[in-house]
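These are my notebook entries on one structure, written down in the order in which I looked things up. I begin with a single residue and widen the view from there.

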Amino acid sequence: MEREPRISPLAWVFLGLAVVGTGVPLAAFLPWLMQHGLDVTRFVDELFSSRVSAFFAWDVVIAALAVLVATFVIPRITVKQRVVVGAGTLLVGVSCGLPLLLFFLIRAGVLR
């Protein structure tokens, strides 16, 4: 019987960051969603309401695109892993998707 290889400590760090990167943003967003509903126009208006918030919004949008492109061009990522990273990035954000991508890359042996 063959043992499955141990998960590296760094992989556990990235998996933990994915969990935190899911919980913290959702803790900030869900109360807004409960109060305003799925009001996309209001969301975008508030997101770009100041130059500072616009800076962070564009930073996250561009980072999300980079994570999605990387996810779909790195050959050692499985289709299932691509779906998980893509869903995490699109439904939560880069704070979830990037650590998941790095976790999967370590598991695939691409990163050490």
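This is a predicted model: local features need pLDDT of at least 70, side-chain atom pairs count only at pLDDT 80 or more; totals for chains, interfaces and linings use all residues.

**Entry on R82**

Is R82 buried or exposed? I find a relative accessible area of 18% for R82, and because the cut-off for buried is under 20%, R82 counts as buried. Setting aside residues up to four places away in sequence, I list T71, F72, I74, P75 and I77 as the residues that R82 touches. For one of these, F72, I also looked up the C-alpha separation from R82, which is 6.7 Å for two residues 10 apart along the chain. For another, T71, I recorded a polar pair, in which a polar atom of the R82 side chain lies 3.0 Å from the backbone oxygen of T71.

**Entry on T89**

I stayed in helix α4, where T89 is also found. With a relative accessibility of 4%, T89 counts as buried, because the limit is under 20%. What does the side chain of T89 reach at 2.8 Å? I find that it is the backbone oxygen of V85. When I leave out the neighbours within four places in sequence, the contacts of T89 are A64, V67, L68, V94 and G97.

**Entry on the core**

I then turned to the largest nonpolar core, which has 16 residues, and in which V85, L100, L101 and F104 touch the most other members. Helices α1, α3 (51-73) and α5 each supply at least two residues of this core, and the most come from α5, which gives nine. Which residues does L100 touch, not counting those up to four places away in sequence? My list for L100 reads L15, A18, V84 and V85.

**Entry on α1**

I next followed helix α1, which runs over residues 9-36 and so has 28 residues. From its first C-alpha to its last, α1 reaches 41 Å, which is close to the 40 Å expected at 1.5 Å a residue. Where in α1 does a kink of about 35° lie? I place the kink at A27, shortly before the proline P31. The buried residues that I noted in α1 are A11, F14, A18, G21 and W32, and the buried residues of this helix pack against α2 (40-47) and α5 (94-107). Just after α1, I found that G37 takes a positive phi of about 70°.

**Entry on the whole protein**

Last, I looked up the values for the protein as a whole. I count five helices and zero strands in its secondary structure, with the elements running α-α-α-α-α from the N terminus on. Along the principal axes, the C-alpha atoms fill a box of roughly 55 × 25 × 25 Å. Of the 112 residues in the protein, 28% are buried. What share of the contacts with a separation of 6 or more is accounted for by residues 24 or more positions apart? I recorded 54% for that share. The accessible surface comes to about 7,900 Å², and carbon and sulfur atoms hold 71% of it.

Terms used: Residues are numbered from 1 along each chain as its sequence is written. Side-chain values use heavy atoms; hydrogens and water are left out. Helices (H or I, at least four residues) and strands (E, at least two) are DSSP runs, numbered from the N terminus. The expected span of a helix is 1.5 Å times one less than its number of residues. The bend at a residue is the angle between axes fitted to the seven residues ending there and the seven starting there. Buried means under 20% relative accessible area, exposed over 50%, partly exposed in between (1.4 Å probe, protein chains only). Contact means heavy atoms within 4.5 Å. A polar contact is a pair of N or O atoms within 3.5 Å; within protein, one must be able to donate a hydrogen and the other to accept it, and residues adjacent in sequence count only if both atoms are side-chain atoms. Accessible areas come from the Shrake-Rupley method with a 1.4 Å probe; for residues, only the protein chains shown count as cover. A nonpolar core is a set of buried Ala, Val, Leu, Ile, Met, Phe, Trp, Tyr and Cys residues joined through side-chain atoms within 4.5 Å.
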